[in-house]
Amino acid sequence: MNRNYRIQFILFFSIIAIASCKTSEKSSFPEKIGDIDFDPLVDRKDFYLCDPSQIVQYYNIGTTYSDEHGGLENDILKNLQLKQGKNKSESGFITIRFVVNCKGETDRFRVYELDQSLQKKKFETELVNSILTAVKKLDKWKVGANKNEIMDSYFRITFKIVNGEIKSIRP
């Protein structure tokens, strides 16, 4: 094989290799696992984020809810418009995940429902809506920071439901 042919051969396959690495298709995977993308059907259009490319988990930067007057659990129970134990057949977990922005405001609420075996489940709509409304009313957020830089963060609250009654509320 002469030298020119080898150079052409290497150049040709190098171009093919480079071209195959570049693709115009957008990945079907999120940039970060667990990101909550904006949904114009349910999210506020005026919800401000300090840095949309860097929303961190609350436990990494210390985002918390005020402990005044019993804190998170008491404020949720105070806001809850629910007849406890109405639907005795409902048991499992309802998790509300959302964003707390750098101003202490919340939005991008997402609901996840599981049965006691941690399989997907659909709870009664009235129960889910009541819990979601109570969480949306929370307004005493202490925003977390990293190296004195206040940041947006994800937060989650999980409700354990047993026989239609809320048995625990955990961040």
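Trainee: What is the mean pLDDT of the protein chain?

Mentor: It is 82, and 77% of the residues reach 70 or more. Now go element by element. Strand S4 (residues 106–114) has the highest mean pLDDT, 97. Helix H1 (residues 3–21) has the lowest, 48.

Trainee: Where does pLDDT stay under 50?

Mentor: Start with the general idea. Where pLDDT is low, predicted coordinates should not be read in detail. Here that concerns residues 11–25, where pLDDT stays under 50. The model gives this stretch zero contacts beyond four places in sequence.

Trainee: How many helices and strands does the chain have?

Mentor: Four helices and nine strands. Their order from the N terminus is α-β-α-β-α-β-β-α-β-β-β-β-β. Then check sequence separation. Of the contacts between residues at least 6 apart, 73% join residues at least 24 apart.

Trainee: Which residues touch the most other members of the largest nonpolar core?

Mentor: The largest nonpolar core holds 25 residues, and Ile 157 and Phe 159 touch the most other members. Helices H3 and H4 and strands S3, S8 and S9 each give two or more residues to this core. H4 supplies the largest share, six residues.

Trainee: What does Ile 157 touch?

Mentor: Leave out residues up to four places away in sequence. Its contacts then include Leu 72, Ile 94, Phe 98, Val 135 and Ile 169.

Notes. Residues are numbered from 1 along each chain as its sequence is written. This is a predicted model: local features need pLDDT of at least 70, side-chain atom pairs count only at pLDDT 80 or more; totals for chains, interfaces and linings use all residues. Side-chain values use heavy atoms; hydrogens and water are left out. A nonpolar core is a set of buried Ala, Val, Leu, Ile, Met, Phe, Trp, Tyr and Cys residues joined through side-chain atoms within 4.5 Å. Buried means under 20% relative accessible area, exposed over 50%, partly exposed in between (1.4 Å probe, protein chains only). Contact means heavy atoms within 4.5 Å. pLDDT is the predictor's confidence in each residue, from 0 to 100.
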